[in-house]
Amino acid sequence: MWILLAAALLALRFYLPLALALLVGSAVWGVVSGVVQPVGIIALVVMALLGVACVKWRERRGVKIALEVVLVVAAAALMLHLIPGFNNPKVLDGIHAGPRSAPFTMYFNFDKALVPFLLLCCLPTLFVAQPLKRAVFWQWLLLVLAVPALLLVAVALGGLGLELHQGQWLLPFAFANLFFVSLAEEALFRGWLLQRLCGVMTAPLALLLSAVIFGLMHTAGGVLLVVFATLAGVLYGLAWLWSGRLWVSTVLHFALNLCHALFFTYPMLQHGN
């Protein structure tokens, strides 16, 4: 089911009918396996009808704005797991990536994976938009180098430590993080939020505001994580502004998370050890 859902997300950028067919297949599989419960089925149907209405009535400005607001709120609720009816399976439970790493738990999130589908109904340019700036090679190189640099800053501030990791948990982590975490978050914060903000304010201000909102989403992890996530949001935002491609910012997001998991204490340094 999860490979089918990942394939649906991958196809969403290139061929919508195939993506929708794969999504329906994964949803049916989810119902059979108990991941999608009766309330979740109702939520899926309602969101699908709202999405179709948003696409169909795109030329009716007032109706389109109202439907987009509802769909974006639904997308945010899915990301925060506030919509009932989705029994996301726990894949990793209390895992210690290394001796200095705090324990972490990971789920395969069916609800969060739906976010790009909803937002594409709101914004046809979600995956491909006109770049606001054409960056040159050295700027892209600096952006890539900023990924380990940001993690090293977190080490200097005491939030992380250097620690090499390997293990069977890395494969499900990478799979889930790419498709069910990085893509969903980039769709909401860069593909939709940053793109909409760029339509009403300057690109630098939009970049900063979207990064701050992204950082505030991590308040549960403390002040240091909010600052770290905000700075990471600036990097992801630059990737989107320079490319206009959602998958570019998604891959950068995934690269930072994977670099973190491979070479640093994950998800954070366990103090006292």
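This is a predicted model: local features need pLDDT of at least 70, side-chain atom pairs count only at pLDDT 80 or more; totals for chains, interfaces and linings use all residues.

Visitor: How do helix α3 and helix α6 pack: roughly parallel or roughly antiparallel?

Guide: Helices here are DSSP runs of H or I with at least four residues, strands are E runs of at least two, and both are numbered from the N terminus. Axes are lines fitted to C-alpha atoms, for helices over the stretch in contact, with angles from 0 to 180 degrees between N-to-C directions. Helix α3 (residues 38-56) and helix α6 (residues 115-122) have axes 8 Å apart, at an angle of about 25 degrees. Angles under 35 degrees count as roughly parallel, over 145 as roughly antiparallel, 65 to 115 as roughly perpendicular and the rest as oblique, so α3 and α6 are roughly parallel.

Visitor: Which residues of α6 meet α3?

Guide: Contact means heavy atoms within 4.5 Å. On the α3 side we find M47, G51, C54 and V55. Their partners in α6 are L118, C121 and C122.

Visitor: What kind of aromatic pair do W2 and F108 make?

Guide: Rings of Phe, Tyr and Trp (its six-membered ring) pair if their centres lie within 6.5 Å; planes under 30 degrees apart count as stacked, over 60 as edge-to-face and the rest as tilted. For W2 and F108, the centres are 5.4 Å apart and the planes sit at 70 degrees, so the pair is edge-to-face.

Visitor: Is W2 buried or exposed?

Guide: Buried means under 20% relative accessible area, exposed over 50%, and partly exposed in between (1.4 Å probe, protein chains only). W2 has a relative accessible area of 14%, so W2 is buried.

Visitor: How many residues apart in sequence are the parts tied together by F214 and Y236?

Guide: F214 and Y236 are an edge-to-face pair, 6.1 Å centre to centre with 75 degrees between the planes. F214 lies in helix α9 (residues 203-216) and Y236 in helix α10 (residues 223-243), so the parts they tie together are apart in sequence by 22 residues.

Visitor: Which aromatic cluster does F110 belong to?

Guide: F110 touches residues including M1, W2, L5 and F86. One aromatic cluster holds F110 together with W2, F86, F108, F175, F179, F180 and W247.

How values were computed: Residues are numbered from 1 along each chain as its sequence is written. Side-chain values use heavy atoms; hydrogens and water are left out. Lists of a residue's contacts leave out its neighbours within four places in sequence.
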